[in-house]
Amino acid sequence: MNRLQNRTALVTGAGSGLGRDIARLFAAEGCRVVATDQHEAPLTELVAQVTSEGKEMMYITGNVVHQEDVDRMVAAAIGWTGRLDILVNNAGIMDAFDPVGDLTDTMWEKVMSVNVTGPMRLMRKAVNAMLTSGGGSIVNVASIGGLRGGRAGAAYTSSKHALIGLTMSTGYMYAKQGIRCNAIAAGAMSTSIMEGFDFSKLSPLVQERIMAPAATNPRSSDPVEVARLALFLASDEASFVNGATIVADGGWIAY
Ligand SMILES: NC(=O)c1ccc[n+]([C@@H]2O[C@H](COP(=O)([O-])OP(=O)(O)OC[C@H]3O[C@@H](n4cnc5c(N)ncnc54)[C@H](O)[C@@H]3O)[C@@H](O)[C@H]2O)c1
């Protein structure tokens with residue numbers, strides 16, 4: 001307990017799934033958590049629950065794609081506690097498994113903006129705040145789709161590869177300033193990310209190249225299993241882990 005005592009963390013996508021579990025776990029470890037999401041209702045419920053347990057959490061709504069929302073999120077953390085020690089870029093969206101031949105500009109731009117541009121804008125802001133306060137830790141939620149070519153469509157796959165590249169660049173460039181930046185290559189988690197998606201409409205190519213091999217996945221995880229890795233990476237226990245991408249997938253990528 002208290003592995004993040006006196007730290008302030010900003011967690012994006014905290015209204016659901018992995019982000020929600022990360023926010024709860026960080027708060028349980030003594031962290032002051034700024035929970036953000038584009039939807040307000042799940043945040044009010046989360047904050048009410050966590051603060052009723054005597055832990056510290058506030059929320060701010062916003063879209064990670066919009067620079068003015070990003071500015072408000074970081075300002076909220078600094079306005080509340082005077083600092084920002086940890087950023088978790090967790091908010092993300094899936095594509096529709098389209099291979100590049102079927103990919104629309106709209107899908108490409110949407111996925112790249114939420115999964116890459118938003119995290120970059122938050123990192124840009126957070127790094128400058130962390131440089132002022134003497135360091136910090138950034139955790140980017142990527143995917144095993146960012147290490148392989150056959151776990152999602154072309155847009156999602158490209159976006160998570162890009163996020164891993166941004167992680168390595170940031171970890172390397174600011175290592176001497178006390179800022180660590182790492183990525184989590186998560187495997188399948190039981191969350192809402194594919195809610196309502198009609199898998200029966202996938203093309204024969206996608207069925208053969210992505211869905212059939214997915215049977216090699218041993219199991220899906222409870223997102224808290226991945227949240228524990230985010231806690232380790234955010235904490236001082238990971239002091240020598242920087243620019244790294246750590247896989248948490250139950251062994252799927254080992255196939
Ligand atoms: N679920 C999986 O199997 C899986 C596997 C690997 C990686 N991931 C990654 O884990 C992360 C969390 O996903 P999840 O599975 O918990 O999904 P989720 O859909 O349950 O939660 C994502 C949250 O992000 C928020 N969000 C989405 N776009 C946003 C935006 N533009 N601005 C602000 N908030 C936004 C949503 O409102 C939602 O609350 C994502 O980055 C995802 O790519 C998920």
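Helix H1 (17-28) and helix H4 each contribute at least two residues to the shell around the ligand; helices here are DSSP runs of H or I with at least four residues, strands are runs of E with at least two, and both are numbered from the N terminus. H1 gives the most, with 3 residues. Of the 28 residues around the ligand, those that come nearest are Gly13, Ser16, Gly17, Gly92 and Thr191, where a residue counts as near if its C-beta atom, placed from the backbone, lies within 6 Å of the molecule.

Please note that this is a predicted model: local features need pLDDT of at least 70, side-chain atom pairs count only at pLDDT 80 or more, and totals for chains, interfaces and linings use all residues. Residues are numbered from 1 along each chain as its sequence is written.

Now to the fold. The protein has 7 helices and 7 strands, in the order β-α-β-α-β-α-β-α-β-α-β-α-α-β along the sequence. Its C-alpha trace spans about 55 × 40 × 35 Å along the principal axes.

Finally, the core. Which residues touch the most other members of the largest nonpolar core? They are Ala9, Phe26, Ala35 and Ala230, out of 68 residues. Such a core is a set of buried Ala, Val, Leu, Ile, Met, Phe, Trp, Tyr and Cys residues joined through C-beta atoms within 7 Å, and buried means that 20 or more other C-beta atoms, placed from the backbone, lie within 10 Å of the residue's own. Helix H4 (residues 105-133) supplies the largest share of this core, 8 residues.

Methods:
A residue is buried if 20 or more other C-beta atoms lie within 10 Å of its own, exposed if 12 or fewer, and partly exposed in between; C-beta atoms are placed from the backbone.
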